[in-house]
Every structure is written in C-alpha cells, then in structure tokens.
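This report walks through one structure for a reader who has not seen it before. The sequence and the model come first, and selected features follow.

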Amino acid sequence: MTGSHSPNAPSRRTIIKAIGGAAFTVPLLAAAGCGSGVPEQNTLRISYQQWGSGEVLVNYLTDVIKKYTANHPDISVELVPLVASENDYFTKNELMMSSSRTAPDLVYEDTFILKSDIAAGYLRPIDKYIDGWPQWEHFYDVAKNAVQGEDGRTYAVPTPTDTRALWYNQELLKKAGIETPWKPRSWDDLLETFRTIKKELPEVIPFNIYSGKPQGEKASMQGMEMLLYGTESTLYDEEKKKWVVGSAGFTQSLEFIRTVFSEKLGPTLGKALDPNITETIYNTWLPQGQLAVLLDGNWISSNWGEGLPGEWPEWTETMQLAEMPTRDGQDPGFVTMSGGWSWGMPKKASKPDLAWPFLREMMSTDNVTAWTISDSKLTNRKDVAARKEYQGYSPTADFFSRLVPGATYRPALAPYPEISSAIQSAMESVMIGAAEPAAAAAVYDSAVAGIVGAENTMKEA
C-alpha cells in the first residue's frame, strides 16, 4: 500500500546503509531556504543532482524558471543542487524528503530507486494532476510503467531515457591492427580485441567497464547487467515474481570481470575503484586517446561540447560505436539497458499545487525537446520524436535510438537497491582477486535470500 512497507521491502536505514556507505551530515536547516527552517510559502524548491561541472541540467532549469516566473511573478524558485557521488545523492535526497522542514517541492529521482522511495512513503501519487493533462498521452507506455508504484498509481513524470553500447576510438584500433568498423560478435571477440590493444599499444588502457562498490548503481546496470542479460540468465523472474539465484550467467559475468582485471585489460584497480573515474574518462582519457573502448551510455558526448572541461570538437571523427554482443553471439545478438530519471513530488512538501504548474512547464514539448537535445538523451515521447530538430540531432542519436526497442529494464522493485549493492560487492571481490567467481556468486545468492527472504527466490532451471 502507498506509504507503507511491503512485507519484503528493506528498511530505509538498511537501504541508506547499503547504497550510501558511511554516514554523513546534510545541512538540513541551510537547505530549507530560510533561517527558521520553515519553507517559505511563495518559494518553490527544486532538488537535483549536480554532476561535476556539468551545466546542461541547470541551464535547462534556469530557462524553465524564466518562463514559469513570467506567468507567476509572485512565485520564486530556488534550485537545490546536490553535489554528490551517485550513491551519496540518493542518501542526501532521502534525508531531505524525510522531513517537512527540508523536503523540496520537486525532486529528481532515478527510476531505479523510485519504487523503493514510494514504498518508504517519501513520494505522493500524482494521478489527480496527470488526469486530463494532454502531454501524458504522448509518453510511451514503457515510460509510464516505470514511474508507477506497486499499487498501480503514478508517482512521477519520466524524463528522457537512454541506452548503452561500446564507444571505441577508431584511430587507436587501427593503430593496433584491428579492422574497423569494429563489430564484435561475442565476449571472446571482445577479449581478443582488448588483448591485441594491450600488446600493440601498451600505453593505452584497452577497455573500461564500471565495476565495484565505488561506482554504485552504474557498476550494476552498465557493468554487470550489460553482461548478465547477454547470457541465458536473468536477475528476476517476472512470471514467477521471484529473484533468481544459482545463476550460471551471473557466474559467467563475474568470470568476464575477473579476466578483464586479472589480465590488466582495464584500468589499474586504484583508478577503477576511484569514485570520480567517470569525469576522468570523459574529460581526459577519451579526448586524449588514453582509453580505447568504453562500455557506456548515449549521453557521454554531451561532455565534449564547446567551453566544457572535456571540450573535444574532433570526437565525431574519432569515436565510433558498436553494439555490446551477447556472450556467444546468441539472439538477439546484442544487449542494451534503458533506465532514466523522473521528477516526483515529495509527500512532505507543502506546495504540490504550486509545484504541478512548474512541472507542467518543465515537461512542455518545447522545453523537453531542447533538454533532450542539449543533454544527448533519447526521447520516450511521441511528440518529441516527431520534432524535426530531434530527428538526427546528433551523429549518435539514430544508433542509440535503434537500440531502444531491444532494451532491458532493471527489476526496479523495492528490494532492488540492496540487491544492486550485493551485485557491486560480488564484482569488487572478483576484480580485486578476493574471491573466485563461483564463490562470489554464492555470497551474492545468500545476500539476496537475506534481503527478500528465501521464499522469494528461485533456483535457476
């Protein structure tokens, strides 16, 4: 039921501990926007994650604020950027939403944690707002489903989505004697390429796959699950409503991770476990030709625009794309994951009737189209897809858009954040050599049973 824990939902304390690591302090009173800690009645507060030096999201919000306040001159809007790593952002966000003194009026939520926050009672249903909102009909059903609670009610408005694939530096591959366009058909093809690059270009890092606890959900989704869903296994059986243990594909995926790091086909462990590795990759390793292949999302070229720290006008001549192959090349031949974020209304915020007009302005066709293009995202709406300025707006847009129909989505149920944390632990234990893949998989199985209850797991057939 809304606002209460499902029988198998993990506690918030457990989730925060699982995804956030060490405890820390958030300046709650300062974040409340006034000295008394009581939110001002004519001020809307918008909370979002500030990714490093990126300005795309804040530019989008600033533009929306100008349009909104032109029609609502008596309302002011305060942006509350949370500068934090991926895991810490979720923890800070939840701490702010837990109190009526600090809850923002709108909050930026990754859909992977949305159902968990719904189950914890942090978010309010918005059905009464979207009923009769013409824009809602433009969203694809899969996007609408991603923001529903287990009670069937809608709790957020989805933002543009994404897919993932292999970015490669074609100049480096050519120097290593590898034929381009590069089209790996299996994991063996991948490893053969990485070994060749290591041999021919010893100064270059052959490959990066996000792995280990410091990389948070990025390691689970863009690392482990991009491997796992290319095997015959899965994380969660949708038909039987049970979490899968004893998975051959899980162990095979860990074996791939071990091979990458034991053969030094990826970054050193110190670099791979650096929580800031993403910025290093985007701003330094790729523009400076220090990394040959990266498993990552469609949006990363947004870091190479004019005036940005990773400015790289020549990227379109250097970087190419390849689909991430399944383990043995079995159908459908490639793997991609889709996710995305959303805008929700915290339950303890006091001004939902003022927040909804702002959210409606944010999600207008014009504003979302501009944001989708400026942030190199993929649309999940028919009205945006029909816009000429969206069609082919980026050299990579068509490639990544073609992957959307074949994408896999995470089982974003309430226990998923804790299970994701267990995945990261299993990855890290094999990448540092602390456990063999089979042993790490067994520890993961035990952790899953502890999280959801053994009765909610099933052995892989």
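The buried residues of helix 10 are Glu217, Lys218, Ala219, Ser220, Met221, Gln222, Gly223, Met224, Glu225, Met226, Leu227 and Leu228. Buried means under 20% relative accessible area, exposed over 50%, and partly exposed in between, with a 1.4 Å probe and protein chains only. Helices (H or I, at least four residues) and strands (E, at least two) are DSSP runs numbered from the N terminus. Since 12 of the 12 residues of helix 10 (residues 217-228) are buried, this helix is largely enclosed by the rest of the structure.

The model is predicted: local features need pLDDT of at least 70, side-chain atom pairs count only at pLDDT 80 or more, and totals for chains, interfaces and linings use all residues. Residues are numbered from 1 along each chain as its sequence is written, and side-chain values use heavy atoms, with hydrogens and water left out.

The largest nonpolar core has 132 residues, and Trp182, Val293, Trp343, Phe358, Met362 and Met363 touch the most other members. Helix 19 (residues 416-431) gives the most to this core, with eight residues. Such a core is a set of buried Ala, Val, Leu, Ile, Met, Phe, Trp, Tyr and Cys residues joined through side-chain atoms within 4.5 Å. Beyond its neighbours within four places in sequence, Phe358 is in contact (heavy atoms within 4.5 Å) with Leu44, Ile46, Val64, Ile65, Tyr68, Val77 and Leu106.

Helix 11 passes helix 20 in a right-handed crossing. A crossing is right-handed if the near helix is turned clockwise from the far one by less than a right angle, and left-handed if anticlockwise. On the side of helix 11, the contact is made by Phe250, Thr251, Leu254, Glu255 and Arg258; helix 20 contributes Pro437, Ala438, Ala440, Ala441 and Tyr444.

Most residues other than glycine have a negative phi, and most peptide bonds are trans. The table lists two cis peptide bonds and two positive phi values.

| Site | Feature | Value |
|---|---|---|
| Thr180 and Pro181 | cis peptide bond | omega about -5 degrees |
| Asp331 and Pro332 | cis peptide bond | omega about 5 degrees |
| Lys241 | positive phi | near 55 degrees |
| Lys264 | positive phi | about 55 degrees |

Pro181 lies in the loop between helix 8 (170-175) and helix 9 (187-200), while Pro332 lies between strand 11 (324-325) and strand 12 (334-335). Lys241 counts as exposed at 52% relative accessibility, and Lys264 counts as exposed at 60%.
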